[in-house]
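Keep the structure open as you read.

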Amino acid sequence: MKNIDFKTRLGRFGVYAGLASLLLLPSACQDSFLDTDPQGQQSGDVFWQNEGDATKAVNAMYANLRSFGNTAFGAIAVESVGSDETEKGSSASDATFFNTYDNFSVGSTEGQLGAFWSAQYQNINYANQVLDNVPAIEMTAALKDRYLAEAKFIRAYSYFRLVRAFGDIPLRLTVPAGTEEYNIPRTPKAEVYAAIEKDLTEAAAVLPATYGATDLGRVTKGAALSLHAKVSMYQQKWQQVYDLTSQVMASGQYSLFPNYEQLFRIQNENSSESIFEIQNELVLENKDASNSQYSQVQGVRGVVGGGWGFNVPTKELAASYETGDPRRDATIIFRGETTPEGDAIAATGDNTMYNQKSYVPFNLFVSGFNEGAQQNVRVIRYADVLLMNAEAANELGKTTEALASLELVRARARGTSATILPKVTTAEKTALQRAIWRERQFELALEYDRYFDVIRQGRGTEVFGPKGWQANKNEVWPIPQTEIDLSGGVLTQNAGY
């Protein structure tokens, strides 16, 4: 069983309302960065005294990544349901607000916008507190440098999620010294991207390639390089994408896990393909620490050990796979099937399909705990790095390399079959680009990439137009009205909302 990260105790807040909150942290420091003691808290005025405080602050930063706004409703609304591969799910009358993201009628007052926004700025606040306070602590220099690098990665990760969702956003790189520093305007997205890249460059220079067992799940050099590559891809910096992904590939740290379906099972978390995962766990003696709802909200509805049934695959996704592609059945739970883990899915129910990548076998459910609380969230996989490398190589005219990286992903999916998923051989740039884009869709389906992939590819109208997507508006979501109100009008709204 994995060790667990301890429960963060800060409430949900936005960039303005919550930055004055004191850091409240569990008082005990355990052997592992994922261990927890839920007893006792320390307030900010007696914190930041020693290495133990620095450790607890960094651990709290990781713990917050699994919050509801980071991995459940907020993330589903902003990062998934707008795509053509998912829809609301559950019963028709349950959480109908999701439909406004699916048909692009959402307004700035819808609550999941604020939930997602607040979750990201809460991550950023944790990171900024580490970056502001840890440098002055007397502690082991190498560990201090590493903690600062970890904080830079987490900050960059959350700013990336924000900038691709909202465009221009407030860029805050320090904790406000007083209330007069709360209200800052939106920063142009180019400057936000530059800050993200700076954080990731500095983090990659310090972070280790691997960790020991007690630190399994912390961000690595490979994670910083890989996220930097994705950030660069969104800016079409193709040489940089190629260089960064090539560095990850040459490191020898990662390889594709042989079995695609098994890659997403609990026993194979943090596998050879994993570059960064949000660590979750079910700990019988500590319910507070077993609080992930990532799997629960997407689990099969109407069965003990299943879940709420949101964020379900669409019939369009199910129909789009190449004939015989094993990833279809490994990605989608169909009504009437029996899963590879032996769960018989009833033939009738509210939804015809569910997300198999977030699925936890029903016999692992423990009464009184969230269904699937022990399921990690795969954030960056090596397959994504290979496909980013293929796309960049194709853009740079390196056709042979593009085809080779693409083939590695298809070969894993193909397995031992000689009749499915033939090699892509086209040397024509546009045709190869489309083949790589299709491969990203099938390889990364239901992993919260498809929506923003289509937009960065300039295909929003083509793919999402039938759902109501409008160019020059829906490239970004509306800024939460609560944040505009809290700012006293300093924040401005995105065009068209």
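**Helix packing and cavities**

Helices α9 and α13 pass each other in a left-handed crossing. The model is predicted.

**α9 with α13**

- Helix α9 covers residues 238-250, and its axis comes within 8 Å of the α13 axis, at a crossing angle of roughly 140 degrees. That angle makes α9 oblique to α13.
- From α9, the contact uses W238, V241, Y242, T245, S246, V248 and M249. From α13, the contact uses Y382, V385, L386, M388, N389, E391, A392, A393 and E395.
- By class, the residues of this α9–α13 contact are eleven nonpolar, three polar and two charged.

**E395 in α13**

- E395 belongs to helix α13, which spans residues 382-395.
- Setting aside neighbours within four places in sequence, E395 is in contact with W238, K429 and Q433.
- In sequence, E395 and T430 are 35 residues apart. In space, their C-alpha atoms are 9.2 Å apart.

**α5 with α6**

- The axes of α5 (residues 111-133) and α6 come within 8 Å and cross at roughly 155 degrees. An angle over 145 degrees counts as roughly antiparallel, so α5 and α6 are roughly antiparallel to each other.
- The α5–α6 crossing is left-handed.
- On the α5 side, the contact is made by L113, F116, W117, Q120, Y121, N123, I124, A127, N128, V130 and L131. On the α6 side, the residues are Y147, L148, A151, K152, I154, R155, S158, Y159, R161, L162, A165 and F166.
- This contact of α5 with α6 has 16 nonpolar, four polar and three charged residues.

**α14 with α15**

- Helix α14 runs over residues 399-414 and helix α15 over residues 429-443. Their axes lie 11 Å apart, and the packing angle is about 25 degrees.
- Angles under 35 degrees count as roughly parallel, so α14 and α15 are roughly parallel to each other.
- The crossing of α14 past α15 is left-handed.
- T399, A402, L403, L406, V409, R410 and R412 are the α14 residues in the contact. They meet L432, I436, E439 and E443 of α15.
- The α14–α15 contact has six nonpolar, one polar and four charged residues.

**Cavities**

- How many cavities of 30 Å³ or more does the whole structure hold? The search finds six.
- The largest cavity has a volume of about 330 Å³. It is lined by 24 residues, and the closest to its centre are Y157, R378, V379, E447 and Y448.
- Several elements each supply at least two residues of this lining: α2 (68-71), α3 (73-79), α6 (141-166), α8 (221-234) and β8 (377-381).
- The lining of the largest cavity comprises twelve nonpolar, four polar and eight charged residues.

- N270 has a positive phi, near 55 degrees, although the residue is not glycine. N270 sits in the loop between α10 (260-263) and β4 (274-278).
- N311 also has a positive phi, near 60 degrees, and is likewise not glycine. N311 is in strand β5, residues 310-313.

Technical notes: Residues are numbered from 1 along each chain as its sequence is written. This is a predicted model: local features need pLDDT of at least 70, side-chain atom pairs count only at pLDDT 80 or more; totals for chains, interfaces and linings use all residues. Side-chain values use heavy atoms; hydrogens and water are left out. Axes are lines fitted to C-alpha atoms, for helices over the stretch in contact, and angles run from 0 to 180 degrees between N-to-C directions. Helices (H or I, at least four residues) and strands (E, at least two) are DSSP runs, numbered from the N terminus. Angles under 35 degrees count as roughly parallel, over 145 as roughly antiparallel, 65 to 115 as roughly perpendicular and the rest as oblique. A crossing is left-handed if the near helix is turned anticlockwise from the far one by less than a right angle, and right-handed if clockwise. Contact means heavy atoms within 4.5 Å. Ala, Val, Leu, Ile, Met, Phe, Trp, Tyr, Cys and Pro count as nonpolar, Asp, Glu, Lys and Arg as charged, and the others, Gly among them, as polar. On a 1 Å grid over the protein atoms alone, a cavity is a set of points where a 1.4 Å probe fits but cannot get out, and a pocket is an open set with protein on both sides within 12 Å along at least five of seven lines; lining residues have an atom within 4 Å of a point. Grid points are joined across faces, edges and corners, and a volume is the space filled by probe spheres set on the points.
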